[in-house]
Amino acid sequence: MVEVLVVVGTVVFALTGALVAVEKRFDLVGVMVLAAVTAVGGGSVRDLVAGTTPPPALTNEPLLWAIAATGLATFLGTRSLGTPPRRLLYAADTLSLALFAALGAQTGIEVGFGFWGTVFAGTVSGVGGGIIRDLLSGEVPGVLYRSGDFYATAAAGGATATFLLDPVGADLSLVAGAVVVVALRVGSRLAGLRLPVGRTPT
């Protein structure tokens, strides 16, 4: 199950990178690069934190080919069909955030991290690719400001659920963690929830 979720999460993250690149009018190489770094960025940071070198994603040739194919297909598809709606990007970003947060947390558990280490690994895994994508596309990373919903908070919540439910079963904890991320992100948007921000003196 883990292997399937890794592939799904990686390909969907690659899709988000490619969609942002198309929206920013990157050329073919730019689309491929943004798809790749978005797909492997968060997971690679997680693996380095966990002491796994080189990151498995960078030695998994079939996975790298799948990332390249996703970037190319997105580029060609948007040229012929037009840029997909923002809702597709949001849905893909939410799904990849959920999967990587849960998978990152499980990696933390496997290497012996405690609660906070596991939550950190899951959160970094979930938001890392999106941060790199936003920086390379000239945007302020959504994790740093109020962007309309919970992002890192949702990833941390999913990682927490994965950690707490791991004694029940690894597969169940993975699914539950991903569901919590989706629920927190989508639910916060629908409910209009916001985290507090700092106030400058007036």
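**Close-up views of a predicted model**

**View 1. The lining of the largest pocket, by residue class and by origin.** Sorted by class, the residues lining the largest pocket comprise 10 charged, seven nonpolar and three polar. The structure shown is a predicted model. This pocket has a volume of about 510 Å³. Its lining is made up of 20 residues, and those nearest the centre are Arg86, Leu89, Asp93, Arg133 and Arg185. Two or more lining residues come from each of H1, H4, helix H5 (115-136) and helix H7 (170-191). Helix H4 provides the largest share of the lining, namely four residues.

**View 2. The second largest pocket and the residues around its centre.** Among the 20 residues of its lining, Val2, Val6, Arg46, Asp47 and Pro56 are the closest to the centre. At least two lining residues are supplied by each of H1, helix H2 (28-49) and H4. By class, the lining of the second largest pocket consists of 10 nonpolar, six polar and four charged residues.

**View 3. The crossing of helices H1 and H4.** Two packed helices are described by the angle between their axes and the distance between the axes. For helix H1 (residues 2-23) and helix H4 (residues 86-110), the axes come within 8 Å and the crossing angle is roughly 140 degrees. The crossing of H1 and H4 is left-handed. In the contact of these two helices, 17 residues are nonpolar, five are polar and three are charged.

**View 4. Helix H1 and the residue Arg25 just after it.** Helix H1 contains 22 residues. From its first C-alpha to its last, H1 reaches 31 Å, which is close to the 32 Å expected at 1.5 Å a residue. Just after H1, Arg25 adopts a positive phi of about 65 degrees.

**View 5. The salt bridge between Lys24 and Glu139.** Side chains of opposite charge can pair when their charged atoms come close. The structure contains eight salt bridges. In one of the salt bridges, the side chains of Lys24 and Glu139 meet at 2.2 Å, N to O. Lys24 belongs to the loop between H1 and H2, while Glu139 belongs to the loop between H5 and helix H6 (152-165), so the pair ties together parts that lie 115 residues apart in sequence.

Definitions and conventions: Residues are numbered from 1 along each chain as its sequence is written. This is a predicted model: local features need pLDDT of at least 70, side-chain atom pairs count only at pLDDT 80 or more; totals for chains, interfaces and linings use all residues. Side-chain values use heavy atoms; hydrogens and water are left out. Axes are lines fitted to C-alpha atoms, for helices over the stretch in contact, and angles run from 0 to 180 degrees between N-to-C directions. A crossing is left-handed if the near helix is turned anticlockwise from the far one by less than a right angle, and right-handed if clockwise. Ala, Val, Leu, Ile, Met, Phe, Trp, Tyr, Cys and Pro count as nonpolar, Asp, Glu, Lys and Arg as charged, and the others, Gly among them, as polar. On a 1 Å grid over the protein atoms alone, a cavity is a set of points where a 1.4 Å probe fits but cannot get out, and a pocket is an open set with protein on both sides within 12 Å along at least five of seven lines; lining residues have an atom within 4 Å of a point. Grid points are joined across faces, edges and corners, and a volume is the space filled by probe spheres set on the points. The expected span of a helix is 1.5 Å times one less than its number of residues. A salt bridge is a side-chain nitrogen of Lys or Arg within 4 Å of a carboxyl oxygen of Asp or Glu.
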